[in-house]
Amino acid sequence: MPGGAPPNGGALLETAPVGPHQRVSEMQAKLHRWAAADAGRRFDDLFNLVHDPATLMMAFDRVAGNRGAKTPGVDGLSVADVEFRFGVPGFLDDLRAQLKAGVFRPLPVREKTIPKPGGSGKVRRLGIPVIADRVVQAALKLVLEPIFEADFKPVSYGFRPKRRAQDAIAEIHFYGTSGYRWVLDADIAACFDEIDHVALMDRVRRRVKDKRVLELVKAFLKAGLLTELREHQDTMTGTPQGGILSPLLANIALSVLDEHLHGPWEPGGTMSTTGRRAGRRAKGLPSWRVVRYADDFVVLVDGTRADTEALREEIAHVLEPIGLRLSPAKTQVVHMSEGFDFLGFRIQWRRKRGTQKWYVYTFIADRPLRSLKAKIRHLTHRTSQQDLAVVLMNLNSATHGWANYFRHAVAKHVFTKVDNLVWWRVVRLLRTRHHWNWSEIRRRFTTPTGRWLPITAGEITLRKIAAIPVTRYRYRGNTIPNPWTPAIT
């Protein structure tokens, strides 16, 4: 990376919060500091922090700020309904009274199935809690997250503060360039549905001693599910995908995998230094590095295919006690020269055109590109009666959000192709809607000198994603900060 390269967008620390946020941030900083100072400490008296007015207020703000704030649970209430019917202070006071009295009971989550991305035809089952349960889950997360963050390994990136998918891709790029060319591309079958509750609670108890908090976490796990057919189902395993607390609980469960595979990298371990890893290779022994994002992970191996296959069996035994298993159909061993998909990116070790030098490249995978094209076609159907300004706003939102995610890949030519697709789709829509011929299109959207003008509707302009700079993502390694400790420089 060039020395003058700019920092990653969005990676700066936020400004200091005020009011309830300040109080909660100070509480979190203390919990994290105590947890980091004593790896064996079990925390008691956390329940008072969960129902503290400042914690509940911050939890409600986070629930209200989520995209799902308009989606009701089994009681039919959205965030707007709660604000209108009860008022936020009254709602939180009543919720706090229930928690303190020990009478709070989570309601079943409402099942909602959504199509999985990529047009595979498969669906993902979400569990939508009621607003009160979401607030309590958010409060639990505010208290528990800084404690468990002190234990989480640097190789996991999903649903953790200050970490993002691009960090995981940069880690793969770094170690792939360093000789870790065999890849175990792993998929955990139905991770959120099959996590064993007993094993999960045992791992939570390693850090939490407060019985009231433990009972609350267990109550959410056992809350049940109301299916789309209005049938009640008990939840004997898993943590509902869609709950605010679920990603943290999944990370706690899957940390058993991180600890097993990353253990040799800890100080004093057999892979803890460059010299020790080189010594292993000289003896014909493999070295490996796991990179995990939630329930998706890869293991990069500096060794042979047989070494990677052996790790696959070892990982299967590690996951078994927590009720999880690798998907035989989706888990594969590949060489990086063949390429593999991870988090929407296509990663491949290949020869640079016109040279004999080989490098690790990061491309945009086919599935997210297909998904975006399908969305563009849906937004620009030729018989659409939506106002053109609304169509352009939706297109700008969809394409620019997608492009900002992939702007650190080899993406410039793909961005140009997407811009061309969008332009032709909008032009076809306009020709159908207004019965314009091609001469009319040229008259309206070119200058007298023949230069094409951008398509506009009032103050809304169709913006090109090819204008977004494509840059190398700065690999942050072990310098990624968290919200409660200063950045390492």
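I take helices (H or I, at least four residues) and strands (E, at least two) as DSSP runs, numbered from the N terminus. The model is predicted, so to speak of local features I need pLDDT of at least 70, and side-chain atom pairs count only at pLDDT 80 or more, while totals for chains, interfaces and linings use all residues. Residues are numbered from 1 along each chain as its sequence is written, and side-chain values use heavy atoms, with hydrogens and water left out.

**Entry: a loop residue**
I found A223 in the loop between α10 (211-221) and β4 (225-226). Buried means under 20% relative accessible area, exposed over 50%, and partly exposed in between (1.4 Å probe, protein chains only). A223 counts as buried, because its relative accessibility is 15%. I also looked up L107, which is 116 residues from A223 along the chain, and the two C-alpha atoms are separated by 6.0 Å.

**Entry: salt bridges**
My criterion is a side-chain nitrogen of Lys or Arg within 4 Å of a carboxyl oxygen of Asp or Glu. The structure holds 19 such bridges.

I looked at R125 and E111, whose closest N and O atoms are 2.8 Å apart. R125 lies in strand β2 and E111 in strand β1, so this pair ties together parts 14 residues apart in sequence. R125 is partly exposed at 35% relative accessibility, whereas E111 is buried at 11%.

Next came E194 and R325, a salt bridge with its closest N and O atoms 3.4 Å apart. This pair links distant parts of the chain, 131 residues apart: E194 sits in helix α8 (residues 191-194) and R325 in the loop between α13 (305-319) and β8 (332-335). Both ends are partly exposed, E194 at 23% and R325 at 45%.

I also noted a network of salt bridges linking D45, D210 and R212.

**Entry: helix α17**
Which residues of helix α17 (residues 438-445) are buried? I get E440, I441 and F445.

Because R444 and E440 are four residues apart in α17, about one helical turn separates them. R444 is partly exposed, with a relative accessible area of 40%.
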